[in-house]
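Colleague: Could you take me through the reading of a model like this one, giving the general idea of each feature before the particular case?

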Amino acid sequence: MKIAVPTRDNSVDEHFGHCEFYTVFTIENDQIAKSEIIESPQGCGCKSNIAAVLKELGVELMLAGNIGGGAINVLNSQEISVVRGCEGSVISVVNAYINGELTDSGVSCRQHEHHSHGEEGHVCGHNN
């Protein structure tokens, strides 16, 4: 299994689409077997091609901090599940997941809602 984590300074980045890079962990026998760094296309995660890139690498799960509904939909369309609300060192978070100690926060980043929903902040500019 491969798990991706948006990373900044070896911690889960609070903002999925603006992370420094993605760390992709390969899990074998309930342990981290290896990790690799994937460059992050800066900007809105729901508009970038990062989901397709991660899918091509075999990623099945994203452990994220704050992430908007659009980015979750794009990841899910590539058959990548998302656990929201992660924080702390990327290795600690991945180990917590492996040990069954991590649950989804159930909260999506509201800064990524569209102005048509009455929210201010980041607008992805979707045309669909």
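This is a predicted model: local features need pLDDT of at least 70, side-chain atom pairs count only at pLDDT 80 or more; totals for chains, interfaces and linings use all residues.

Modeller: Residues are numbered from 1 along each chain as its sequence is written, and side-chain values use heavy atoms, with hydrogens and water left out.

Colleague: Which strands does β1 pair with, and in what sense?

Modeller: Strands (E, at least two residues) and helices (H or I, at least four) are DSSP runs numbered from the N terminus, and two strands pair if DSSP finds at least two bridges between them. Here β1 runs antiparallel to β3 (residues 21-28), with 6 bridges joining them, and K2 has T26 as its bridge partner in β3. With β5 (residues 59-63) the pairing of β1 is parallel, over 3 bridges, and I3 is partnered there by L61. β1 is also joined to β2 (residues 11-12) by 2 bridges in the antiparallel sense, where R8 stands opposite S11.

Colleague: Is β1 largely enclosed or exposed?

Modeller: The term buried means under 20% relative accessible area, exposed means over 50%, and partly exposed lies in between, using a 1.4 Å probe and protein chains only. Strand β1 (residues 2-8) is largely enclosed by the rest of the structure, because 6 of its 7 residues are buried.

Colleague: What surrounds T23?

Modeller: In a regular strand the side chains alternate between the two faces of the sheet. T23 lies in strand β3 and is buried, at a relative accessible area of 6%. Contact means heavy atoms within 4.5 Å; apart from neighbours within four places in sequence, T23 has contacts that include I3, V5, T7 and S35. A polar contact is a pair of N or O atoms within 3.5 Å, where within protein one must be able to donate a hydrogen and the other to accept it, and residues adjacent in sequence count only if both atoms are side-chain atoms. The side chains of T23 and T7 make such a contact at 2.8 Å.
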